[in-house]
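Keep the sequence and the 3D view open as you read.

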Amino acid sequence: MSTPTITLRDVPPRAAWALEQAGVHPLLARLFAARGVRTSDELDDGLARLLVPDELRGAAAAAVLLADAIGAGQRICVVADYDCDGATACAVALRGLAMLGAARDTLSYVVPDRAVHGYGLTPAIVDLALQKTPQLLLTVDNGIASLAGVAHARAMGLAVLVTDHHLPARVGDEVVLPEAQVIVNPNQPGCGFGSKNLAGVGVMFYVLLALRGELRQRGVFSAATQPRLDALLDLVALGTVADVVKLDANNRRLVAQGLKRIRAGKMQPGVAALFSAAGRDPRRASGFDIGFALGPRINAAGRLSDMTLGIECLCTDDAARAAELAQSLDAINRERRDVEAGMREQAELLLEMLMQNTEKAGEPPPALAIFDPDFHEGVVGIVASRLKDRVHRPTFVFALGQDGLLKGSGRSIAGFHLRDALDLVSKRHPALLKKFGGHAMAAGCTLAEEDFDTFDEALQRVAREWLDASTLQRKLLSDGPLGGEYFTPETVHSLDAQVWGQAFEPPLFSDSVEVVSQRLVGERHLKLSVRHAGALREAIWFGHSEPLPAQVTLAYRLSVDEYNGRQRVQMVVEACRPEDGML
(Lines give C-alpha, C1' and ligand atoms only; values in the text may rest on other atoms or scores of the structure.)
Protein backbone atom coordinates (compact mmCIF):
# COMPACT_ATOMS: atom_id res chain seq x y z
CA MET A 1 0.00 0.00 0.00
CA SER A 2 1.27 3.48 -0.84
CA THR A 3 2.56 5.46 2.15
CA PRO A 4 0.15 8.31 2.82
CA THR A 5 0.73 11.76 4.19
CA ILE A 6 -1.24 12.57 7.35
CA THR A 7 -2.81 16.01 7.30
CA LEU A 8 -4.80 17.63 10.08
CA ARG A 9 -8.33 18.68 9.24
CA ASP A 10 -9.11 22.35 9.74
CA VAL A 11 -11.57 22.94 12.59
CA PRO A 12 -13.23 26.37 12.34
CA PRO A 13 -13.27 27.47 16.00
CA ARG A 14 -16.44 29.55 15.72
CA ALA A 15 -18.38 26.68 14.19
CA ALA A 16 -17.17 24.24 16.86
CA TRP A 17 -18.03 26.76 19.59
CA ALA A 18 -21.51 27.38 18.13
CA LEU A 19 -22.22 23.65 18.02
CA GLU A 20 -21.08 23.24 21.63
CA GLN A 21 -23.30 26.13 22.69
CA ALA A 22 -26.21 24.37 21.01
CA GLY A 23 -25.62 21.34 23.24
CA VAL A 24 -23.47 19.18 20.94
CA HIS A 25 -20.83 17.13 22.79
CA PRO A 26 -17.42 18.87 22.51
CA LEU A 27 -15.79 15.96 20.68
CA LEU A 28 -18.66 15.65 18.21
CA ALA A 29 -18.74 19.44 17.78
CA ARG A 30 -15.07 19.35 16.76
CA LEU A 31 -15.63 16.46 14.34
CA PHE A 32 -18.75 17.95 12.75
CA ALA A 33 -17.19 21.41 12.36
CA ALA A 34 -14.21 19.85 10.59
CA ARG A 35 -16.65 18.29 8.10
CA GLY A 36 -18.36 21.55 7.19
CA VAL A 37 -21.25 21.60 9.67
CA ARG A 38 -21.81 25.18 10.84
CA THR A 39 -25.08 25.12 12.79
CA SER A 40 -26.96 22.57 14.86
CA ASP A 41 -29.88 22.85 12.39
CA GLU A 42 -27.75 20.89 9.92
CA LEU A 43 -27.67 18.03 12.42
CA ASP A 44 -31.45 17.86 12.65
CA ASP A 45 -32.24 14.52 11.00
CA GLY A 46 -36.01 14.81 11.35
CA LEU A 47 -38.19 13.81 8.42
CA ALA A 48 -39.53 17.36 8.22
CA ARG A 49 -36.04 18.56 7.27
CA LEU A 50 -35.85 16.37 4.15
CA LEU A 51 -35.82 18.20 0.84
CA VAL A 52 -39.25 18.13 -0.78
CA PRO A 53 -39.71 16.49 -4.20
CA ASP A 54 -41.08 19.64 -5.85
CA GLU A 55 -37.73 20.69 -7.36
CA LEU A 56 -36.75 17.19 -8.50
CA ARG A 57 -37.20 17.51 -12.25
CA GLY A 58 -39.69 15.01 -13.60
CA ALA A 59 -41.01 13.89 -10.19
CA ALA A 60 -44.40 15.59 -10.63
CA ALA A 61 -44.82 14.19 -14.15
CA ALA A 62 -43.79 10.73 -12.90
CA ALA A 63 -46.41 10.99 -10.17
CA VAL A 64 -49.12 11.74 -12.73
CA LEU A 65 -47.96 8.88 -14.98
CA LEU A 66 -47.92 6.38 -12.10
CA ALA A 67 -51.21 7.62 -10.60
CA ASP A 68 -52.90 7.20 -13.97
CA ALA A 69 -51.39 3.73 -14.37
CA ILE A 70 -52.51 2.63 -10.91
CA GLY A 71 -55.98 4.06 -11.44
CA ALA A 72 -56.34 2.20 -14.73
CA GLY A 73 -54.97 -1.05 -13.31
CA GLN A 74 -52.07 -1.04 -15.77
CA ARG A 75 -49.30 -3.60 -15.42
CA ILE A 76 -46.00 -2.04 -14.29
CA CYS A 77 -42.66 -3.83 -14.67
CA VAL A 78 -39.70 -2.52 -12.67
CA VAL A 79 -36.34 -2.84 -14.45
CA ALA A 80 -33.72 -3.16 -11.71
CA ASP A 81 -29.93 -3.15 -11.55
CA TYR A 82 -27.73 -5.95 -10.25
CA ASP A 83 -26.12 -4.12 -7.31
CA CYS A 84 -27.37 -3.30 -3.80
CA ASP A 85 -28.63 0.14 -4.82
CA GLY A 86 -30.59 -1.38 -7.69
CA ALA A 87 -31.97 -4.20 -5.53
CA THR A 88 -33.12 -1.86 -2.75
CA ALA A 89 -34.58 0.58 -5.31
CA CYS A 90 -36.54 -2.29 -6.85
CA ALA A 91 -37.84 -3.37 -3.43
CA VAL A 92 -38.79 0.23 -2.57
CA ALA A 93 -40.62 0.57 -5.90
CA LEU A 94 -42.57 -2.69 -5.51
CA ARG A 95 -43.41 -2.17 -1.86
CA GLY A 96 -44.15 1.54 -2.27
CA LEU A 97 -46.40 1.17 -5.31
CA ALA A 98 -48.36 -1.54 -3.50
CA MET A 99 -48.71 0.70 -0.44
CA LEU A 100 -50.05 3.47 -2.70
CA GLY A 101 -52.75 1.31 -4.26
CA ALA A 102 -51.23 -0.73 -7.08
CA ALA A 103 -52.61 -4.26 -7.12
CA ARG A 104 -49.79 -6.70 -6.45
CA ASP A 105 -50.71 -8.81 -9.48
CA THR A 106 -50.06 -5.75 -11.68
CA LEU A 107 -46.47 -5.40 -10.40
CA SER A 108 -43.47 -7.36 -11.63
CA TYR A 109 -39.74 -6.86 -12.12
CA VAL A 110 -36.78 -7.98 -14.18
CA VAL A 111 -33.10 -7.64 -13.37
CA PRO A 112 -30.24 -8.14 -15.85
CA ASP A 113 -27.77 -10.96 -15.47
CA ARG A 114 -24.41 -9.20 -15.34
CA ALA A 115 -22.67 -11.78 -17.55
CA VAL A 116 -25.50 -12.30 -20.05
CA HIS A 117 -27.21 -8.93 -20.46
CA GLY A 118 -24.77 -6.35 -19.18
CA TYR A 119 -25.89 -3.14 -17.51
CA GLY A 120 -29.08 -1.15 -17.94
CA LEU A 121 -32.23 -1.17 -20.03
CA THR A 122 -30.88 -2.88 -23.14
CA PRO A 123 -33.15 -4.06 -25.97
CA ALA A 124 -32.59 -7.62 -24.68
CA ILE A 125 -33.90 -6.64 -21.23
CA VAL A 126 -36.92 -4.99 -22.84
CA ASP A 127 -37.65 -8.29 -24.60
CA LEU A 128 -37.28 -10.10 -21.26
CA ALA A 129 -39.67 -7.64 -19.63
CA LEU A 130 -42.20 -8.14 -22.42
CA GLN A 131 -42.72 -11.68 -21.12
CA LYS A 132 -44.40 -10.03 -18.09
CA THR A 133 -46.86 -8.30 -20.50
CA PRO A 134 -46.38 -4.84 -18.96
CA GLN A 135 -47.81 -1.56 -20.17
CA LEU A 136 -45.33 0.62 -18.29
CA LEU A 137 -41.59 0.06 -17.71
CA LEU A 138 -40.13 1.72 -14.62
CA THR A 139 -36.34 1.73 -14.42
CA VAL A 140 -34.58 2.07 -11.08
CA ASP A 141 -30.87 2.92 -10.76
CA ASN A 142 -30.47 2.73 -14.54
CA GLY A 143 -31.90 3.97 -17.81
CA ILE A 144 -30.48 7.47 -18.20
CA ALA A 145 -27.99 6.28 -20.84
CA SER A 146 -30.21 3.52 -22.32
CA LEU A 147 -30.97 5.22 -25.61
CA ALA A 148 -31.43 2.03 -27.63
CA GLY A 149 -33.34 0.21 -24.88
CA VAL A 150 -35.84 3.00 -24.38
CA ALA A 151 -36.31 3.37 -28.14
CA HIS A 152 -36.98 -0.37 -28.43
CA ALA A 153 -39.49 -0.28 -25.56
CA ARG A 154 -41.35 2.64 -27.14
CA ALA A 155 -41.36 0.85 -30.50
CA MET A 156 -43.00 -2.11 -28.74
CA GLY A 157 -45.77 0.14 -27.47
CA LEU A 158 -44.58 0.48 -23.88
CA ALA A 159 -44.54 3.65 -21.82
CA VAL A 160 -41.18 4.21 -20.07
CA LEU A 161 -40.44 6.03 -16.81
CA VAL A 162 -36.71 6.36 -16.12
CA THR A 163 -35.55 6.89 -12.52
CA ASP A 164 -31.77 7.04 -12.20
CA HIS A 165 -28.92 8.99 -10.64
CA HIS A 166 -26.09 8.26 -13.07
CA LEU A 167 -24.71 10.79 -15.52
CA PRO A 168 -26.49 10.95 -18.89
CA ALA A 169 -24.91 9.87 -22.16
CA ARG A 170 -23.01 12.30 -24.37
CA VAL A 171 -22.55 12.45 -28.10
CA GLY A 172 -19.58 14.69 -28.61
CA ASP A 173 -20.10 17.55 -26.17
CA GLU A 174 -23.89 17.26 -26.20
CA VAL A 175 -25.93 15.53 -23.48
CA VAL A 176 -28.37 13.07 -25.05
CA LEU A 177 -31.36 11.78 -23.08
CA PRO A 178 -33.48 8.72 -23.90
CA GLU A 179 -36.92 9.29 -25.40
CA ALA A 180 -38.79 8.17 -22.28
CA GLN A 181 -42.19 9.56 -21.29
CA VAL A 182 -40.65 10.89 -18.08
CA ILE A 183 -37.11 11.04 -16.65
CA VAL A 184 -36.40 11.60 -12.96
CA ASN A 185 -32.70 12.11 -12.25
CA PRO A 186 -31.11 14.88 -10.16
CA ASN A 187 -28.15 14.84 -12.56
CA GLN A 188 -30.12 15.51 -15.73
CA PRO A 189 -29.83 18.98 -17.31
CA GLY A 190 -32.15 21.58 -15.83
CA CYS A 191 -32.76 19.83 -12.52
CA GLY A 192 -32.49 22.23 -9.57
CA PHE A 193 -32.90 19.65 -6.81
CA GLY A 194 -30.81 20.50 -3.75
CA SER A 195 -29.03 17.13 -3.59
CA LYS A 196 -27.20 15.83 -6.63
CA ASN A 197 -26.01 12.85 -4.60
CA LEU A 198 -29.18 10.79 -4.25
CA ALA A 199 -28.60 7.09 -4.82
CA GLY A 200 -30.93 5.24 -7.18
CA VAL A 201 -33.00 4.08 -4.21
CA GLY A 202 -33.24 7.68 -3.01
CA VAL A 203 -34.57 8.82 -6.40
CA MET A 204 -37.24 6.11 -6.31
CA PHE A 205 -38.20 7.07 -2.77
CA TYR A 206 -38.70 10.67 -3.88
CA VAL A 207 -40.85 9.53 -6.81
CA LEU A 208 -43.07 7.73 -4.28
CA LEU A 209 -43.30 10.90 -2.17
CA ALA A 210 -44.43 12.81 -5.26
CA LEU A 211 -46.89 10.04 -6.16
CA ARG A 212 -48.39 10.08 -2.69
CA GLY A 213 -48.86 13.84 -3.01
CA GLU A 214 -50.56 13.42 -6.40
CA LEU A 215 -52.91 10.75 -5.05
CA ARG A 216 -53.71 12.96 -2.08
CA GLN A 217 -54.65 15.78 -4.46
CA ARG A 218 -56.92 13.36 -6.33
CA GLY A 219 -58.70 12.54 -3.09
CA VAL A 220 -57.54 8.91 -2.97
CA PHE A 221 -56.60 9.48 0.66
CA SER A 222 -56.11 12.36 3.07
CA ALA A 223 -53.07 13.50 5.00
CA ALA A 224 -54.42 11.54 7.95
CA THR A 225 -55.01 8.28 6.07
CA GLN A 226 -52.08 8.33 3.61
CA PRO A 227 -49.54 5.48 3.81
CA ARG A 228 -46.39 6.09 5.89
CA LEU A 229 -43.56 5.84 3.37
CA ASP A 230 -40.98 6.13 6.16
CA ALA A 231 -41.58 2.39 6.55
CA LEU A 232 -39.27 2.04 3.52
CA LEU A 233 -36.36 4.03 4.95
CA ASP A 234 -34.42 0.95 6.14
CA LEU A 235 -34.14 -0.01 2.46
CA VAL A 236 -33.26 3.56 1.45
CA ALA A 237 -30.48 3.65 4.05
CA LEU A 238 -29.13 0.27 2.92
CA GLY A 239 -28.94 1.23 -0.75
CA THR A 240 -27.59 4.73 -0.09
CA VAL A 241 -24.68 3.59 2.09
CA ALA A 242 -23.88 0.54 -0.06
CA ASP A 243 -23.64 2.67 -3.22
CA VAL A 244 -21.04 4.92 -1.55
CA VAL A 245 -22.70 8.14 -2.73
CA LYS A 246 -21.72 11.36 -0.99
CA LEU A 247 -23.50 11.74 2.32
CA ASP A 248 -24.66 15.33 1.99
CA ALA A 249 -27.10 16.66 4.58
CA ASN A 250 -30.15 15.19 2.83
CA ASN A 251 -28.60 11.75 2.39
CA ARG A 252 -27.45 11.76 6.01
CA ARG A 253 -31.04 12.40 7.07
CA LEU A 254 -32.29 9.52 4.93
CA VAL A 255 -29.67 7.18 6.38
CA ALA A 256 -30.18 8.40 9.96
CA GLN A 257 -33.92 7.79 9.72
CA GLY A 258 -33.33 4.32 8.27
CA LEU A 259 -30.89 3.43 11.05
CA LYS A 260 -33.32 4.64 13.70
CA ARG A 261 -35.99 2.33 12.33
CA ILE A 262 -33.59 -0.61 12.21
CA ARG A 263 -32.42 -0.03 15.80
CA ALA A 264 -36.06 0.09 16.89
CA GLY A 265 -36.76 -3.23 15.19
CA LYS A 266 -38.90 -1.60 12.47
CA MET A 267 -37.38 -3.14 9.35
CA GLN A 268 -38.26 -5.47 6.50
CA PRO A 269 -37.93 -9.18 7.34
CA GLY A 270 -35.13 -9.45 4.77
CA VAL A 271 -33.10 -6.69 6.42
CA ALA A 272 -33.52 -8.36 9.82
CA ALA A 273 -32.47 -11.70 8.29
CA LEU A 274 -29.36 -10.15 6.75
CA PHE A 275 -28.32 -8.74 10.14
CA SER A 276 -28.73 -12.22 11.61
CA ALA A 277 -26.77 -13.89 8.78
CA ALA A 278 -23.96 -11.36 9.24
CA GLY A 279 -23.87 -11.87 13.01
CA ARG A 280 -24.67 -8.19 13.67
CA ASP A 281 -27.01 -6.72 16.28
CA PRO A 282 -29.61 -4.47 14.63
CA ARG A 283 -30.24 -2.73 17.95
CA ARG A 284 -26.78 -1.17 17.53
CA ALA A 285 -26.91 -0.80 13.76
CA SER A 286 -24.40 1.58 12.19
CA GLY A 287 -23.44 2.72 8.72
CA PHE A 288 -20.47 0.37 9.01
CA ASP A 289 -22.84 -2.60 9.39
CA ILE A 290 -24.73 -1.56 6.27
CA GLY A 291 -21.65 -0.84 4.17
CA PHE A 292 -19.48 -3.78 5.19
CA ALA A 293 -21.90 -6.51 6.31
CA LEU A 294 -25.30 -6.20 4.64
CA GLY A 295 -24.35 -4.47 1.39
CA PRO A 296 -21.72 -7.03 0.33
CA ARG A 297 -24.15 -9.91 0.91
CA ILE A 298 -26.71 -8.32 -1.41
CA ASN A 299 -24.04 -7.39 -3.95
CA ALA A 300 -22.62 -10.91 -3.97
CA ALA A 301 -25.80 -12.19 -5.63
CA GLY A 302 -25.32 -9.83 -8.57
CA ARG A 303 -21.63 -10.67 -8.81
CA LEU A 304 -21.68 -14.46 -8.77
CA SER A 305 -25.31 -15.54 -9.05
CA ASP A 306 -28.65 -13.86 -9.71
CA MET A 307 -29.76 -10.59 -8.08
CA THR A 308 -33.27 -12.03 -7.98
CA LEU A 309 -32.15 -13.66 -4.71
CA GLY A 310 -31.33 -10.27 -3.20
CA ILE A 311 -34.54 -8.63 -4.42
CA GLU A 312 -36.69 -11.51 -3.18
CA CYS A 313 -34.99 -11.32 0.22
CA LEU A 314 -35.88 -7.62 0.49
CA CYS A 315 -39.43 -8.06 -0.84
CA THR A 316 -40.72 -11.05 1.10
CA ASP A 317 -42.88 -10.56 4.18
CA ASP A 318 -42.28 -14.16 5.29
CA ALA A 319 -39.60 -14.16 7.99
CA ALA A 320 -38.71 -17.83 7.43
CA ARG A 321 -38.32 -17.28 3.68
CA ALA A 322 -36.23 -14.16 4.35
CA ALA A 323 -33.93 -16.16 6.66
CA GLU A 324 -33.51 -18.86 4.02
CA LEU A 325 -32.63 -16.31 1.34
CA ALA A 326 -30.27 -14.41 3.66
CA GLN A 327 -28.38 -17.65 4.36
CA SER A 328 -28.08 -18.25 0.61
CA LEU A 329 -26.73 -14.73 0.15
CA ASP A 330 -24.27 -15.30 2.99
CA ALA A 331 -23.00 -18.48 1.32
CA ILE A 332 -22.60 -16.68 -2.03
CA ASN A 333 -20.70 -13.90 -0.27
CA ARG A 334 -18.27 -16.44 1.20
CA GLU A 335 -17.75 -17.82 -2.30
CA ARG A 336 -17.20 -14.25 -3.54
CA ARG A 337 -14.47 -13.77 -0.95
CA ASP A 338 -12.67 -16.91 -2.17
CA VAL A 339 -12.91 -15.83 -5.81
CA GLU A 340 -11.75 -12.35 -4.90
CA ALA A 341 -8.75 -13.65 -2.93
CA GLY A 342 -7.51 -15.67 -5.92
CA MET A 343 -8.09 -12.82 -8.35
CA ARG A 344 -6.44 -10.31 -6.07
CA GLU A 345 -3.34 -12.48 -5.71
CA GLN A 346 -3.04 -12.82 -9.49
CA ALA A 347 -3.73 -9.11 -10.03
CA GLU A 348 -1.01 -8.15 -7.56
CA LEU A 349 1.46 -10.41 -9.38
CA LEU A 350 0.57 -8.66 -12.64
CA LEU A 351 0.94 -5.32 -10.89
CA GLU A 352 4.41 -6.23 -9.59
CA MET A 353 5.49 -7.19 -13.11
CA LEU A 354 4.03 -3.96 -14.46
CA MET A 355 5.82 -1.84 -11.86
CA GLN A 356 9.19 -3.31 -12.82
CA ASN A 357 8.77 -1.99 -16.34
CA THR A 358 7.79 1.60 -15.53
CA GLU A 359 10.03 4.64 -16.00
CA LYS A 360 10.89 4.51 -12.30
CA ALA A 361 11.22 0.82 -11.50
CA GLY A 362 9.10 -0.13 -8.51
CA GLU A 363 6.63 2.72 -8.96
CA PRO A 364 3.21 2.26 -10.52
CA PRO A 365 2.23 4.08 -13.73
CA PRO A 366 -0.17 7.04 -13.39
CA ALA A 367 -3.15 4.74 -14.12
CA LEU A 368 -3.59 0.97 -14.11
CA ALA A 369 -5.33 -1.41 -16.49
CA ILE A 370 -5.10 -5.08 -15.51
CA PHE A 371 -6.47 -8.09 -17.39
CA ASP A 372 -6.24 -11.84 -17.00
CA PRO A 373 -8.36 -14.33 -18.98
CA ASP A 374 -9.18 -16.22 -15.77
CA PHE A 375 -10.68 -13.22 -13.97
CA HIS A 376 -14.37 -13.38 -13.01
CA GLU A 377 -16.47 -10.57 -14.46
CA GLY A 378 -18.53 -10.19 -11.29
CA VAL A 379 -15.57 -9.42 -9.04
CA VAL A 380 -13.44 -7.06 -11.16
CA GLY A 381 -14.82 -3.95 -9.42
CA ILE A 382 -13.80 -5.18 -5.96
CA VAL A 383 -10.30 -6.09 -7.15
CA ALA A 384 -9.96 -2.71 -8.87
CA SER A 385 -10.86 -1.05 -5.57
CA ARG A 386 -8.25 -3.10 -3.68
CA LEU A 387 -5.49 -2.25 -6.17
CA LYS A 388 -6.49 1.41 -6.18
CA ASP A 389 -6.19 1.48 -2.39
CA ARG A 390 -2.79 -0.20 -2.52
CA VAL A 391 -1.06 2.07 -5.05
CA HIS A 392 -3.35 5.14 -5.10
CA ARG A 393 -3.85 5.15 -8.84
CA PRO A 394 -6.99 5.14 -11.03
CA THR A 395 -7.46 1.44 -11.75
CA PHE A 396 -9.40 -0.67 -14.23
CA VAL A 397 -9.61 -4.46 -13.97
CA PHE A 398 -10.97 -6.45 -16.93
CA ALA A 399 -12.47 -9.89 -17.38
CA LEU A 400 -13.52 -11.74 -20.51
CA GLY A 401 -17.29 -11.66 -20.93
CA GLN A 402 -19.49 -14.40 -22.36
CA ASP A 403 -19.78 -12.40 -25.58
CA GLY A 404 -16.00 -12.43 -26.07
CA LEU A 405 -15.55 -8.77 -25.15
CA LEU A 406 -13.57 -7.41 -22.21
CA LYS A 407 -15.74 -6.03 -19.40
CA GLY A 408 -13.87 -3.55 -17.22
CA SER A 409 -14.70 -1.96 -13.89
CA GLY A 410 -12.75 1.03 -12.63
CA ARG A 411 -12.19 2.85 -9.36
CA SER A 412 -10.59 6.26 -9.06
CA ILE A 413 -8.84 8.69 -6.73
CA ALA A 414 -9.69 12.29 -5.88
CA GLY A 415 -8.92 14.60 -8.79
CA PHE A 416 -9.52 12.07 -11.58
CA HIS A 417 -13.12 11.92 -12.85
CA LEU A 418 -13.28 8.38 -14.20
CA ARG A 419 -16.36 8.73 -16.39
CA ASP A 420 -14.97 11.96 -17.94
CA ALA A 421 -11.65 10.19 -18.54
CA LEU A 422 -13.46 7.45 -20.45
CA ASP A 423 -15.30 10.11 -22.42
CA LEU A 424 -11.98 11.68 -23.47
CA VAL A 425 -10.55 8.26 -24.37
CA SER A 426 -13.60 7.58 -26.55
CA LYS A 427 -13.21 10.92 -28.34
CA ARG A 428 -9.55 10.26 -29.09
CA HIS A 429 -10.25 6.66 -30.12
CA PRO A 430 -13.85 6.67 -31.47
CA ALA A 431 -14.04 2.92 -32.15
CA LEU A 432 -12.27 1.76 -29.00
CA LEU A 433 -15.02 1.67 -26.34
CA LYS A 434 -18.11 -0.33 -27.24
CA LYS A 435 -19.89 1.32 -24.32
CA PHE A 436 -19.03 3.08 -21.07
CA GLY A 437 -20.62 4.95 -18.17
CA GLY A 438 -20.43 5.71 -14.48
CA HIS A 439 -19.45 8.38 -12.00
CA ALA A 440 -16.39 10.34 -10.92
CA MET A 441 -15.09 7.57 -8.66
CA ALA A 442 -16.43 4.42 -10.34
CA ALA A 443 -17.08 3.55 -13.97
CA GLY A 444 -17.28 0.65 -16.38
CA CYS A 445 -16.50 0.03 -20.03
CA THR A 446 -16.49 -2.66 -22.70
CA LEU A 447 -13.87 -3.21 -25.42
CA ALA A 448 -12.40 -5.87 -27.68
CA GLU A 449 -9.59 -7.99 -26.23
CA GLU A 450 -7.20 -6.95 -29.01
CA ASP A 451 -7.77 -3.29 -28.03
CA PHE A 452 -6.65 -3.70 -24.42
CA ASP A 453 -3.15 -2.28 -24.97
CA THR A 454 -4.60 0.71 -26.82
CA PHE A 455 -6.95 1.39 -23.92
CA ASP A 456 -4.11 1.04 -21.41
CA GLU A 457 -2.00 3.59 -23.27
CA ALA A 458 -4.93 5.96 -23.77
CA LEU A 459 -5.90 5.84 -20.10
CA GLN A 460 -2.32 6.47 -19.00
CA ARG A 461 -2.10 9.44 -21.38
CA VAL A 462 -5.16 11.06 -19.78
CA ALA A 463 -3.75 10.34 -16.31
CA ARG A 464 -0.42 11.96 -17.17
CA GLU A 465 -2.29 15.04 -18.39
CA TRP A 466 -4.68 15.33 -15.45
CA LEU A 467 -2.64 14.15 -12.45
CA ASP A 468 0.41 15.69 -10.81
CA ALA A 469 2.73 14.45 -8.06
CA SER A 470 0.55 15.97 -5.35
CA THR A 471 -2.61 14.24 -6.61
CA LEU A 472 -0.78 10.92 -6.88
CA GLN A 473 0.24 11.12 -3.21
CA ARG A 474 -2.25 9.32 -0.99
CA LYS A 475 -3.51 11.63 1.76
CA LEU A 476 -5.22 10.89 5.04
CA LEU A 477 -7.15 13.64 6.78
CA SER A 478 -6.78 13.36 10.53
CA ASP A 479 -8.94 14.77 13.31
CA GLY A 480 -5.80 15.20 15.39
CA PRO A 481 -4.99 13.95 18.88
CA LEU A 482 -7.59 12.32 21.10
CA GLY A 483 -7.53 12.88 24.84
CA GLY A 484 -7.24 9.87 27.08
CA GLU A 485 -10.63 10.61 28.65
CA TYR A 486 -12.29 9.60 25.38
CA PHE A 487 -10.90 6.07 25.34
CA THR A 488 -14.13 4.58 26.66
CA PRO A 489 -16.71 2.20 25.18
CA GLU A 490 -19.31 4.96 25.62
CA THR A 491 -17.33 7.28 23.34
CA VAL A 492 -16.98 4.58 20.69
CA HIS A 493 -20.70 3.78 20.80
CA SER A 494 -21.50 7.48 20.54
CA LEU A 495 -19.28 7.83 17.47
CA ASP A 496 -20.70 4.68 15.89
CA ALA A 497 -24.23 6.01 16.34
CA GLN A 498 -23.50 8.94 14.00
CA VAL A 499 -23.93 8.79 10.23
CA TRP A 500 -20.52 8.67 8.55
CA GLY A 501 -19.67 7.82 4.98
CA GLN A 502 -18.49 9.15 1.64
CA ALA A 503 -17.61 12.90 1.93
CA PHE A 504 -18.50 12.76 5.65
CA GLU A 505 -15.77 10.36 6.69
CA PRO A 506 -15.68 8.60 10.04
CA PRO A 507 -13.27 10.05 12.61
CA LEU A 508 -9.57 9.32 12.17
CA PHE A 509 -7.34 10.46 15.01
CA SER A 510 -3.54 10.79 15.12
CA ASP A 511 -1.27 10.70 18.15
CA SER A 512 2.36 10.27 19.07
CA VAL A 513 2.85 6.96 20.88
CA GLU A 514 5.60 4.76 22.27
CA VAL A 515 5.50 1.19 20.98
CA VAL A 516 5.88 -1.02 24.05
CA SER A 517 5.37 -4.40 22.35
CA GLN A 518 4.38 -5.78 18.98
CA ARG A 519 3.66 -9.21 17.53
CA LEU A 520 2.09 -10.78 14.46
CA VAL A 521 -1.33 -12.41 14.71
CA GLY A 522 -2.68 -14.53 11.89
CA GLU A 523 0.61 -13.91 10.00
CA ARG A 524 -0.79 -10.74 8.43
CA HIS A 525 -1.85 -8.41 11.25
CA LEU A 526 0.33 -6.44 13.67
CA LYS A 527 -0.87 -6.44 17.28
CA LEU A 528 0.54 -3.58 19.35
CA SER A 529 0.69 -2.34 22.89
CA VAL A 530 1.44 1.39 22.93
CA ARG A 531 1.82 4.11 25.54
CA HIS A 532 -0.51 7.00 24.84
CA ALA A 533 -1.33 9.93 27.11
CA GLY A 534 0.36 8.12 30.01
CA ALA A 535 -1.66 4.92 29.63
CA LEU A 536 -1.15 1.60 27.86
CA ARG A 537 -3.47 1.07 24.89
CA GLU A 538 -4.13 -1.92 22.68
CA ALA A 539 -3.84 -1.41 18.92
CA ILE A 540 -4.04 -3.54 15.79
CA TRP A 541 -2.99 -2.87 12.21
CA PHE A 542 -4.84 -5.20 9.86
CA GLY A 543 -2.93 -6.35 6.79
CA HIS A 544 0.40 -4.94 8.02
CA SER A 545 3.25 -7.21 9.05
CA GLU A 546 6.33 -4.95 9.17
CA PRO A 547 7.62 -4.00 12.66
CA LEU A 548 7.37 -0.37 13.81
CA PRO A 549 10.04 1.80 15.43
CA ALA A 550 9.79 2.65 19.12
CA GLN A 551 8.36 6.15 18.59
CA VAL A 552 5.73 6.75 15.92
CA THR A 553 2.66 8.79 15.13
CA LEU A 554 -0.31 6.56 14.51
CA ALA A 555 -3.39 7.46 12.48
CA TYR A 556 -6.18 5.34 13.93
CA ARG A 557 -9.87 4.78 14.46
CA LEU A 558 -11.47 3.61 17.68
CA SER A 559 -13.27 0.32 18.08
CA VAL A 560 -14.55 -1.82 20.94
CA ASP A 561 -13.18 -5.33 21.28
CA GLU A 562 -15.54 -7.60 23.19
CA TYR A 563 -14.13 -10.75 24.82
CA ASN A 564 -15.64 -12.87 27.59
CA GLY A 565 -18.22 -10.18 28.28
CA ARG A 566 -15.61 -7.44 28.70
CA GLN A 567 -15.35 -4.42 26.44
CA ARG A 568 -11.95 -2.95 25.64
CA VAL A 569 -11.26 0.06 23.48
CA GLN A 570 -8.56 -0.47 20.89
CA MET A 571 -6.91 1.61 18.22
CA VAL A 572 -7.39 0.33 14.66
CA VAL A 573 -4.34 1.67 12.83
CA GLU A 574 -4.70 3.09 9.32
CA ALA A 575 -1.19 4.52 8.87
CA CYS A 576 1.90 5.59 10.75
CA ARG A 577 4.97 7.73 10.30
CA PRO A 578 8.24 8.05 12.19
CA GLU A 579 8.37 10.67 14.92
CA ASP A 580 10.59 12.99 12.86
CA GLY A 581 7.86 13.24 10.21
CA MET A 582 5.58 16.23 9.90
CA LEU A 583 1.82 16.33 10.09
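## A covered helix

Let's settle one word to begin with: buried means under 20% relative accessible area, exposed means over 50%, and partly exposed is in between, using a 1.4 Å probe and protein chains only. Helices (H or I, at least four residues) and strands (E, at least two) are DSSP runs, numbered from the N terminus. This is a predicted model, where local features need pLDDT of at least 70 and side-chain atom pairs count only at pLDDT 80 or more, while totals for chains, interfaces and linings use all residues. Residues are numbered from 1 along each chain as its sequence is written, and side-chain values use heavy atoms, with hydrogens and water left out.

Now look at helix α2, residues 26-34, which is mostly covered, with seven of its nine residues buried. Those buried residues are L27, L28, A29, L31, F32, A33 and A34. What does the covering? It includes α1 (13-21), α17 (489-496) and β15 (509-521), where contact means heavy atoms within 4.5 Å. Just after α2 comes G36, with a positive phi of about 95°.

## A five-stranded sheet

Next up is an open sheet of five strands, running in the order β3-β2-β4-β5-β8 with parallel pairing. At its edges stand β3 (107-110) and β8 (182-184); each has a single partner strand, so one side of each is left without a neighbour in the sheet. On average, neighbouring strands here are turned by 20° against each other, direction ignored. Two strands pair if DSSP finds at least two bridges between them. For β2 (residues 76-79) and β4 (residues 136-140), there are four bridges in the parallel sense, and I76 sits opposite L136 in β4.

Helices lie across this sheet too. Helix α5 (residues 123-130) lies across β2, β3 and β4, at about 145° to β3. The axes are lines fitted to C-alpha atoms, for helices over the stretch in contact, and angles run from 0 to 180 degrees between N-to-C directions.

## One cavity

A cavity is a set of points on a 1 Å grid over the protein atoms alone where a 1.4 Å probe fits but cannot get out, and lining residues have an atom within 4 Å of a point. Grid points are joined across faces, edges and corners, and a volume is the space filled by probe spheres set on the points. The count is one cavity of 30 Å³ or more, and the largest cavity has a volume of about 30 Å³.

Its lining is made of K527, E538, D561, R568, V569 and Q570. Strand β19 (residues 566-578) gives the most to that lining, with three residues.

How values were computed. 1 Å grid on protein atoms, 1.4 Å probe; cavity = no way out; pocket = protein on both sides within 12 Å on 5 of 7 lines; lining within 4 Å.
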